[in-house]
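Colleague: Could you take a close look at one part of this model for me, the sheet and what packs on it? I would enjoy a connected walk through it.

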Amino acid sequence: MDELLLYPFPAIVGQTEMKTALVLALVNPQVGGVLLIGPYGVGKTTAVRALTDMMPTIEREERDDEGKAVLRRGPMRIIELPLNARLEDVVGGINERVALEQQRILLEEGVLARAHRNLLYIDEINMLEARVVDAILDAAAQGRTFVRRGPMTRLFPSQFVLIGSMNPEEGTLRPQILDRFGLRVWVAPLAERQQRLAIYRHNHAFRTNPEAFRANYLNELERLRDEVANARAILPEVGIAPAAEEFALACIQALNIPSHRAEIALLEAARARAAADNRREASIDDVITIAPLALRQRRSAHLEA
């Protein structure tokens, strides 16, 4: 996709929770990823792709023309997983061309290795094969991908920000998969007339002259990009107030949520919010703001009742 034609993130009307969750995941990958749930046409994919303008600069290992490893700096990238991806495409496998032409086995990296230190986006994640989803979530949890083909093995680093989206009308995800996502957002259609009219007007202006439309948001995009970069820089220094920790655990226990990923996602997202505000300590207010995103839709007898 031509980056010049990306829909600007600040131009997205409403959907505060969705935008908050996506930015927090960029700031702190330890949040555990984001799952966007909602019907078609509410801006899920548009919002994820719009993050390209705000991607922080990172250092990654690449190969030069001679195949040697070199360190290069550049912005994070969005790696999109095709819906028809096979398990071999995702985790890596044998290069079939080399096997046929050169009669030798070469294990190549898959999508998970290419997503290392980037953002992996999976649209319609509920439509993927179960074993493909399991491989992705295992890599996200372990930070690496192990490929074995006969006696040959390779280990690829695969640390990435995981974003998934789905339309619940087309099927659900298994509870253990839902639990792997730190933040879950219900992206509902906007109800107010003025907001829906603003969506149309923005869309019309963008399609008519995307360069002029984006120019209206360049200053805001630059500010957001600087804020994300600054937040990532100070995140290691951000702690959590003891009162905020106690409040977070009290919420989780009150809801009888069994998974310990609940407190990890909640407190890491609270740290990310504090860092985004250029603060060195997450407060109870941060926990209160994040709690719906981190705790909503987590399975417990209390929530189901």
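Modeller: Happy to! One term before we start: two strands pair if DSSP finds at least two bridges between them. Keep in mind, too, that this is a predicted model. Strand E1 (residues 34-37) and E11 pair in the parallel sense, with 4 bridges between them. One of the residues involved is Leu 36, whose bridge partner in E11 is Val 185.

Stepping back, these two strands belong to an open sheet of 5 strands, ordered E4-E7-E10-E1-E11, with parallel pairing. At its edges are strand E4 (78-80) and strand E11 (183-186), each of which pairs on one side only. From one strand to the next, the twist averages 20°.

Now for the helix on the sheet. H1 lies across E1, strand E7 (119-122), strand E10 (161-166) and E11, and runs at about 160° to E1.

H1 has a helical neighbour as well. Two packed helices are described by the angle between their axes and the distance between the axes. For helix H1 (residues 16-27) and helix H10 (residues 218-234), the angle is about 50° and the axes are 9 Å apart. H1 and H10 are therefore oblique to each other. On the H1 side, Val 23, Leu 26 and Val 27 make the contact, and they meet Val 228, Ala 231 and Arg 232 in H10. Sorted by class, this contact of H1 with H10 has 5 nonpolar residues, 1 charged and no polar ones.

Conventions
Residues numbered from 1 in each chain as written. Predicted model: local features only at pLDDT ≥ 70, side-chain atom pairs only at ≥ 80, totals over all residues. Heavy atoms only, no water. Axes fitted to C-alpha atoms, helices over the stretch in contact; angles between N-to-C directions. Parallel < 35°, antiparallel > 145°, perpendicular 65-115°, else oblique. Contact = heavy atoms within 4.5 Å. Nonpolar A, V, L, I, M, F, W, Y, C, P; charged D, E, K, R; others polar.
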